Amino acid sequence: MRKNSKVTQREHTSEHVTESVADLLAHEAPLDYKNSSLNVGGVPGKKIVLEPPENDGRPAWNSKLQYILAQVGFSVGLGNVWRFPYLCQKNGGGAYLVPYFILLILIGVPLFFLELAVGQKIRRGSIGVWNYVCPQLGGIGVSSLMVCGFVGLYYNVIIGWSIFYFFQSFQYPLPWAECPIRRNGSLAIVEPECEKSSATTYFWYRQTLNTTSTIADSGGLNVKMTLSLLVAWIIVCLAVIRGIASSGKVMYFSSLFPYVVLFCFLVRGLLLKGAVDGIAHMFTPKLEKMLEPQVWREAATQVFFALGLGFGGVIAFSSYNKIDNNCHFDAVLVSFINFVTSILATLVVFAVLGFKANLMNEKCVMENGEKILGYLNSNVLSHDLIPPHVNFSQLSTVDYAEIYAVIKTVKEGSFAELSLDPCVLEDELNKSVQGTGLAFIAFTEAMTHFPASPFWSVMFFFMLINLGLGSMIGTMTGITTPVLDTYKVQKELFTVCCCIIAFFCGLLFVQRSGNYFVTMFDDYSAGLPLTVVVILENVSVAWIYGTKRFMQDLEDMLGFRPHAFYFYMWKYVSPCCLIVLITATVIEMAISPPGYNAWVEELAQERFQSYPPWALAMCFSLIVVAMLPLPVVFIARYFNLMSDGSNKLSVSYRKSMMKDISNLEEVDEARSILCKNPGETPSPKPPSQAYLGPPGTNPLENPNSLSPNSCYGTSYQNAISPPPPPPLSPPPPLKSTHG
């Protein structure tokens, strides 16, 4: 019991203490009700902000640094390393940074700030937050939870792949450095599938995934990947089993270590031959690309997913903050760190890819030089075509380009029969590689040429594990926090059960055809549903609740009024951008044939294949299942088939919600309950109650402030309970703690 409660005061002082039923129930000291906005007869316009209780038993971050690292760890993930560099390369190099930065300002920062603010003010996960803001749109939180579940299933598989490569890296030479040799008696030949592709490609598709040639052929479980997935889920479970008490400590390492590795790789990469070519290629802007709508759509999508909007993890993390934490500063800081991290990762990737491109180009020159020598020795080509200064034993790319141009001009009619490649460095740099292809094929191949390659390989995959772990902790928090806030279940038991169920569901992704299902879930389970979730979040706050009232709430919470820039972003710009993004996403899905890139063993190449009918149905089922809670909850609550969720909230949460007072008779009833005499001024609400609105408004006189059967614009201060409760019975006699 609090030391300043009235019960304790009664024991230690003989002074008269005025009590009320509400005070006794809340065990809180009375406030200066004369200055409270709830004082019906008080001075108008003079108010005090009544904050929700922070001693309600809810966990809290040990420090601001721990919280920032958690948000950074969640937002900075694998996409920063293998998605952003690919988009930068594909969409005009340095020119792509312009639309990305513009959309980060117009969409990313405002919506990230919005999610931080609602989570911090309401102090609940996604389900509790949107039940609180607008019960009819309470399906937003459930949809977020569904998407987190889908993403977590396949995202942890990628961590499992990284774990497998991490342990394989403790070998010299690296197991993917050379093609395996097949022996047939005394005859030794290079594995044909590896010879047709490359050593790193063969190791990925055959020795790691052992993939089938079609999604229809499951091929059974891959034992190595199944064990790796089990290890990944054990790590995640241990990291989140105690909530932020355990995950917060993990974040100190998992969020900071990737930056150490990225800086090490950047320094090492800049010392490699050809690194400058790769970085110059990245920052050479192709300004004409900025006029293409596709570039802006992909930039908006990357901004959207880079910050983790709509997943519920951002809201869950911020719900453990103090009520007066400066979440505006947090939003700007985390968004800036995310953007800088993407630039840093892109520098590292292009430095290494520049080195790899130079190696591949030199190899191309060497192989084609040998072809030309063969043609010269067989008199297919004349020696007069070769400039006298050319030395085939040390053939440079400049000399080869000169020879290639001469031969192509002289042998114009039969040049194609010579099968000579141009060997242009720019062509190697333009080869777009993303996702698993970048991490497990292109990057691993480059590292085989590093001195002390096992060391760099261990560091790289340990970095991927930590990047993935930070995102998985946020994803799992987006699942556990809303459920634990809504239902009384044991945290540790629920977390363990979630991880066990997720592991068995994840067996779908560790079949031999599992990587095709990873692609399917990545393409369909999150994109469109999350975009719909975020636009509904934006609309529910900016249009249903009201942007002006929300800005006033922020001023009460933060102690300053955010810039008017956010008002216009939330009210007009961000919703319009999101609507355009949804439209573009639907059009893209309609015109692009649904399919996947399958590895064909006979050709040792990837080939695009369309999904069979059952897989196509599965794709669209992922979208429907993720979005289904939105209309279901809306219809159920519109027709009063479902409660608004307040009956499942914790006691401290219910205490912070304002009762529905719609007429003067109910006001008098409330006075008669809360006061000794009906004519007296009512006792003030305990500190667990929240401020009801902007200055100058009287909540008891506003007929539109509360409406139990609609999206009633409840702010984080103006929440609705079910209809007014019956009169409270007198409290039980107080007993002395000493007797």
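Biologist: Which handedness does the crossing of α15 and α25 have?
Modeller: In this predicted model, helix α15 covers residues 293-306 and helix α25 covers residues 564-591. The crossing of these two helices is left-handed.

Biologist: How are α15 and α25 oriented to each other?
Modeller: Their axes come within 10 Å and cross at roughly 110°. Angles of 65 to 115 degrees count as roughly perpendicular. Therefore α15 and α25 are, to each other, roughly perpendicular.

Biologist: How many residues in the contact of α15 with α25 are nonpolar?
Modeller: On the α15 side the contact is made by Q294, R297, A300, T301 and F304, and on the α25 side by L578, L581, A584, T585 and E588. Three of the residues in this contact are polar and two are charged. The nonpolar ones number five.

Biologist: How are α6 and α24 oriented to each other?
Modeller: Helix α6 spans residues 97-122 and helix α24 spans residues 527-558. Their axes come within 10 Å, with a crossing angle of roughly 65°, and the crossing is left-handed. The angle therefore makes α6 and α24 roughly perpendicular.

Biologist: How many residues in the contact of α6 with α24 are charged?
Modeller: Helix α6 contributes residues including L111, F113, E115 and K121, while α24 contributes residues including V534, E537, F550 and L558. Eleven residues of the contact are nonpolar and two are polar. The charged ones number three.

Notes. Residues are numbered from 1 along each chain as its sequence is written. This is a predicted model: local features need pLDDT of at least 70, side-chain atom pairs count only at pLDDT 80 or more; totals for chains, interfaces and linings use all residues. Side-chain values use heavy atoms; hydrogens and water are left out. Axes are lines fitted to C-alpha atoms, for helices over the stretch in contact, and angles run from 0 to 180 degrees between N-to-C directions. Helices (H or I, at least four residues) and strands (E, at least two) are DSSP runs, numbered from the N terminus. Angles under 35 degrees count as roughly parallel, over 145 as roughly antiparallel, 65 to 115 as roughly perpendicular and the rest as oblique. A crossing is left-handed if the near helix is turned anticlockwise from the far one by less than a right angle, and right-handed if clockwise. Contact means heavy atoms within 4.5 Å. Ala, Val, Leu, Ile, Met, Phe, Trp, Tyr, Cys and Pro count as nonpolar, Asp, Glu, Lys and Arg as charged, and the others, Gly among them, as polar.
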